[in-house]
Amino acid sequence: MRVSCLMTYGLLILAGGLSLGPLVWMLSGSFKTQAELMQPGLGRLIPAEPTTANYARLFAQVPFLTYLVNTAFVASAAALLTTLVSALGGYALAKYRFRGRAAVSTLVLGTMLLPGVVLLAPLLRVTLALGLIDSFWGLVLPGAASGFGVLIMRQYLAAVPDALLDSGRLDGAGEGRIFWSIVLPLVRPIVSALLIFTFLGAWNAYLWPMIVLRDEANYTLTVAVTNVVAALHQQEYGVALGGTLVSIAPIIVLFLALQREFIAGLTLGAVKQ
Amino acid sequence: MRRAWRGAPASAAWWFLAPFLALFATFTVYPLAYSVYLALRQSVGPGVDVYVGGDNFARLLRDEVFWESLGRTAYFAAGSILGQLPLALGLALLVNQRRLRLRGLWRTMLFLPVLVGAAFIAVGFRLVFGVQDGVLNQLLGRLGVPALDWLRDPDVVLNTLVLTGVWMFTGFNMVYFLAGLQGIPQELYEAAAIDGAGAWQRFCAVTLPGIWPIAAFLITASTIGSFGLFDLPWVLTDRGGPGRASTTVMVYLYERGFLAGDIGYAAAMGWLVTLVLLVIALVQLRVTRARAD
Amino acid sequence: MLRRLLDWADEFPPGRVPLLLLLVALATGTVIAVRQVRSGPPRLTVWTFVHLAAEEFQQRLAREPAARDVEVRNLGSAMFDRLALAVMTRTELPNLVEIEQSVIGRYLRGPPEHIPLVDLTDRLEREGWLERCVPARFARYAVAGRIFGIPHDVHPMVLVYRPDVLAELGCRPEELETWDDWCAAARRFYRPGALGTRSWRRGMPLSTVEGYTYLALLWQRGGDMFDAAGEVTLDSPLAVDTLERYLAMLGGDPPAAGPALSSLIEDFAALSRGQFLGLLAADWMLAVMQRDGRALLEGRVRIMPLPAWERGGRRTSTIGGTALCIPRDAGSPDRAWEIAKRLYFDRRSLVERFRTQSIVPPLRASWTDPVFDEPAPFFQGQRIGRVLTQLADQVPPVHGSPYLAEGYKLLDAVFADVTAGRVTPRAALAGVADELRARMARDRAAVARARAGRAP
């Protein structure tokens, strides 16, 4: 028992170390001077000459706060819109019988197989035609019709007992009110999970924002970190690392605060399957 | 008195569905149709755009580079599944132990890499993978293992991607397995123990079957995700390099479509890949359904 | 109070998380809405992808009161994708854009009337710029004799070496006039050892997976991937023989060269440890060396012209290059041309460009400036400017083609197989050349059909 206990913790420490290792290394690198980073060899975990100059450069010369605000807006708006649209759509598919229901479900399921890059060029034409280039709505709207979101909401909403809806109708409530006040509170876990999921995806999205956003003032963090930071400080690793960490940090904080909801919602779905 | 459910008016359903359908039609269905149109055409530069019928598809079938990139993507998908799932299951078993302390801490630590986007990884991991001075090679050197050129050796580069994928996604799979493990009733284990089954036999007889639905789901999700892989090979190994060594299908699609300018060819490629994915997904579905029975 | 707030939050039907996100969205959305300050009159935009270039342009334009409305933007490595999209959708085009030679091919495709860049040939001829610059540099940005970009640089290549290491071998740089001479010395210099250790010694790094170092040596010898007419010449006997000699450098017993490392910094570090005899370097790399390799190499290196392929032959080559182009659909081409001349032909900026980036400008008249005679302490007081400008006139022409980028990619794809011995040089180059010819033929057919379809 003792040995397996030791082994367990030993393995967990090893795995945890490998998981966090690169991140910690990047953190350490962001506090090193350029000279120390360019030293051949492994380098030290605690910098020989720790400096906050990289971060100072980052926030002074690069409008990082702007990018942070942009990304926060895009991610939260995308999360809210996608979840709302998915919840509404999933509700319709789950709780109503109408002609074409099967057709819609199949169509949605089928499109989920498509990798995003395939639709890139046509999607760009559409976005252009609608005047959404270089606009945050160009980032939020195309992803809002999420097949995954609709199907997962449908699965959860289907579990809500019909009796509740009926009693609502008997009380004279409209369909919308039933959805909002009666049904929605019952599926809070999955709503939260979907929100966080979409938020994460939007925060980390790279290809589409890179294509759609033109004005530097509108950049999101992924685009900014890979382009602006890499360009401005082409060989200044410390600043690039600092920028990367500042971009990851909010997500990590969010996750730590909302861990329970996220993981619970995510895995509830899997177990039900 | 129980009133029969007259059924809600179907029109309400359409109202609920409307936002989704509107967005879906605009941003998914229409581009889909348009890409079919594109797949039948060839463009040369911005001004020339001619109808070529099935020529793009014919050329695709003969295009060695395309099939090689498909093979690489399949290798990546298989490597990811084999690399991530057993590891994730192992970690889940470790974390799931009854008297484990600081369970939340372990779970958080192992899940954190999932939150880091591919674009951000590319910036930081150059430090890790440099051939002469990278962290990984330095550590390997201390262990007496010869150094590998992670980012530039064409034989190694694909494995670098798999390795990075393992780092990025094992935690995600682990969380799913954890939930699955927690869903297996204790009584099954106790019954097996009473029947005299050892730890390994309990694992095979109780854990594996209980985990199977989740594993099947993860395999399918991982496969689809691997085929759509673009960000990682693009940014980490510099646009699918060196040469073509890490060019997955999506990278090749982007190269031919956006960089060389033949959008039609890229569209045709996209459809062919979707077809391949469909076949794979169906096969997987068939297999998992058979196993479940 | 907090308790009441949380309770009220719980009343929100979807829950607390959506409420939190809603607040975030509203807050950031407000900040963004308030922030939207759109600049007034339409501006002339200049795009570049290098930070130092952006700085240089801004400083130059600051001296020009008439250019108050010109906006310089550095888009970094995403600029190429961004430009491709802008051209494809014909929106948000810059008035001037710096395009790298490996990418410009995309915009030179198709029939001339559809090339989205302004034809600059007449302006360059009329105003006499063609004679004033190194003529070889225009070839890359030209198609069928029409020039579409003003070259930014000459990029002569030199060999960076450590005089003390060379002296240990008993050689002097003046003696190493040909590649045969140099390889002989490199073979004596060689020590075996695995990558990742500190014991190996190799003559110089040559890429075993990408074709750019091979191409540099091919250009030095007078060969090229395309000729002036745009036909493929990569499978010529000269190209095949050069590749065979390239392989001989990498192989051989002992080898004269070794595989390239993962990054420039690693190359510098290896040179500083005495593991390389020399490094192939274009002029811009010297500035990078001074900036990033200061601790490693300051005062310990010198430069020398490349050893020639035959005695008395060309002693330099070139790698890379950028040109300033004017997108045709962006509007105001004449004004853009005036600004372009200010940016690329202004003597003070060019001198400053050499001082900060060690890039030799194509404008010959600027080479008389004293900055090119300054001794460089980093290079043991050597007058690197003089060495570079003397080589600049010899730089071989590299012919442009709409298929240049694809040629590079195809060559890279097969290069590792060649260096590993899985494919012969002749077969590999023939394969690349045939594939390029096939694509060219297919595109020509499509263009012909399009024209026929359009003819009344």
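## A pair of residues to start with

Let's begin in chain C, where Ile150 stands opposite Leu324 in strand β12. Strands here are DSSP runs of E with at least two residues, helices are DSSP runs of H or I with at least four, and both are numbered from the N terminus.

Before going on, a word on the model: it is predicted, local features need pLDDT of at least 70, side-chain atom pairs count only at pLDDT 80 or more, and totals for chains, interfaces and linings use all residues. Residues are numbered from 1 along each chain as its sequence is written, while chains are lettered from A and ligands numbered from 1 in the order in which they are written.

## The sheet in chain C

Strand β12 (residues 322–325) of chain C pairs with β6(C) in the antiparallel sense, over 2 bridges. Two strands count as paired if DSSP finds at least two bridges between them. Both belong to an open sheet of 5 strands in chain C, ordered β2-β1-β3-β12-β6 with mixed pairing. Which strands sit at the edges? They are β2 (70–74) and β6 (150–151) of chain C, each pairing on one side only.

Helix α3 (residues 51–62) of chain C lies across β1 (44–48), β2 and β3 (96–100) of that chain, and runs at about 165 degrees to β2(C). Axes here are lines fitted to C-alpha atoms, for helices over the stretch in contact, and angles run from 0 to 180 degrees between N-to-C directions.

## Two domains in chain C

Chain C splits into domain 1 (44–154 + 320–370) and domain 2 (157–317 + 398–443), with bounds from an automatic or database domain assignment. Their contact takes 18 residues from domain 1 of chain C and 15 residues from domain 2 of chain C; residues are in contact if their C-beta atoms, placed from the backbone, lie within 7 Å.

## Where the chains meet

Chain B puts 73 residues in contact with 66 residues of chain A. Helix α1 (residues 10–39) of chain B gives the most to chain B's side, with 18 residues. That side divides into 54 nonpolar, 17 polar and 2 charged residues. Nonpolar means Ala, Val, Leu, Ile, Met, Phe, Trp, Tyr, Cys and Pro; charged means Asp, Glu, Lys and Arg; the others, Gly among them, are polar.

Chain A also touches chain C, with 37 residues of chain A in contact with 30 residues of chain C. On chain A's side, α4(A) gives the most, with 7 residues. By class, this side of chain A has 26 nonpolar, 6 polar and 5 charged residues.

Notes
Contact = placed C-beta atoms within 7 Å.
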